Amino acid sequence: MKGTVGELGEFGLIRELTSRLTSTPAVKIGPGDDAAVVAAPDRRVVATTDVLLENRHFRRDWSTAYDVGRKAAAQNLADVAAMGAVPTAVLVGLVVPTELPATWPVELMDGIRDECQVAGAAVVGGDVVRGDLVTVAVTALGDLRNRAPVTRSGARPGNLIAVTGWLGWSAAGFAVLSRGFRSPRAFVEAHRRPEPPYHAGPAAAELGATAMTDVSDGLVADLGHIAAASGVDIDLRSADVDVPAQMSDIGQAVGVDPLHWVLTGGEDHAIVAAFPRDVKLPARWRVIGEVRTPAGRTPQVTVDGAPWDKAGGWDHFGDDKS
């Protein structure tokens with residue numbers, strides 16, 4: 001496709017974007033009307049939204065439009081799964097400069113569409129407007145299928161903490177890219193295009209998870225949300241947290257303890273949950289800690305029994321990503 005977004009025009013761009021979409025049985029009315037209609041057999045809808053801003057959450061010189069699309073969809077679909085729900089639909093709000101090549105938003109939509117297909121969802125609508133920087137806003141919907149939602153507030157002393165998915169890979173990839181390199185490729189790709197274990201959220205709900213979240217801001221930070229909401233302490237065992245050998249090599253090369261990436265790096269969207277001790281967990285889950293009765297007035301996350309006092313974890317109003 002030749003030309004720019006401005007040359008294509010709003011309605012021409014919308015036609016190009018919607019022509020590339022697929023559907024699912026849950027979608028009763030898709031793009032093209034005033035609003036979409038999505039089936040909600042459970043009579044409850046899980047809903048979440050995120051915004052990605054160019055040069056804050058992604059860089060066009062680091063990631064392709066397709067990568068950004070996969071990432072934008074993934075971080076929302078993972079939130080749905082972390083409630084124990086099955087993703088059903090996605091809505092996309094897109095802000096683009098008029099001089100942007102028209103191929104960019106088209107490839108972005110391809111990425112969003114393909115990530116939705118991985119999770120079993122579909123893009124059902126959205127909006128496109130003009131702006132100075134590319135901004136992608138995604139809202140994802142999900143169905144609980146007659147299960148209770150798994151919130152952050154249900155962890156109880158004695159529960160085990162288990163995780164499935166990657167930890168620290170995106171942060172290690174960010175460190176590599178920040179230094180002008182493009183390899184090891186697996187870690188760079190993990191930063192550009194996370195691969196959340198969508199199936200694990202509903203499966204954890206079936207197993208009896210008492211609390212759950214996806215790791216978007218960092219393991220310690222996100223477990224901190226569970227600790228605060230549940231009024232408990234959570235202790236992690238560093239020896240049980242997986243630190244791949246290649247990540248250790250990257251850490252040695254850039255002067256960073258790789259455990260720091262695993263404990264504080266976000267955007268991998270692994271699923272971490274609290275389970276009763278008698279639950280038999282599938283092999284995909286790794287037990288990395290336990291829930292404890294609060295030792296003080298403020299619930300906290302500790303590592304090997306000691307408070308984690310090193311900087312880390314994502315804060316949208318903080319100084320920088322670490």
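## Annotated positions and a strand neighbour

According to an unreviewed UniProt entry, the feature "binding site" sits at Gly 126, Asp 127, Arg 152 and Ser 216. These positions cover 91 residues of sequence, and they're spread out in space too, with up to 31.7 Å between C-alpha atoms. Keep in mind that you're looking at a predicted model.

**Gly 126**
- You'll find Gly 126 in strand S5, which runs over residues 122–130.
- Gly 126 counts as exposed because its relative accessible area is 60%, and the cut-off for exposed is over 50%.
- Setting aside neighbours within four places in sequence, Gly 126 touches Leu 91 and Val 92, with both in contact.

**Asp 127**
- Asp 127 is also part of strand S5.
- With a relative accessible area of 46%, Asp 127 is partly exposed.
- Beyond its neighbours within four places in sequence, Asp 127 is in contact with Val 92, Gly 93 and Leu 94.

**Val 95**
- Over in strand S4, which spans residues 86–96, sits Val 95.
- Val 95 is partly exposed, at a relative accessible area of 23%; buried would need a value under 20%.
- Val 95 and Asp 132 are 37 residues apart along the chain, and 8.1 Å separates their C-alpha atoms.

Technical notes:
Residues numbered from 1 in each chain as written. Predicted model: local features only at pLDDT ≥ 70, side-chain atom pairs only at ≥ 80, totals over all residues. Heavy atoms only, no water. UniProt positions renumbered as here; feature names shortened; annotations may be inferred. Helix = DSSP H or I, 4+ residues; strand = E, 2+ residues; numbered from the N terminus. Buried < 20%, exposed > 50% of the residue type's maximum accessible area, 1.4 Å probe, protein only. Contact = heavy atoms within 4.5 Å.
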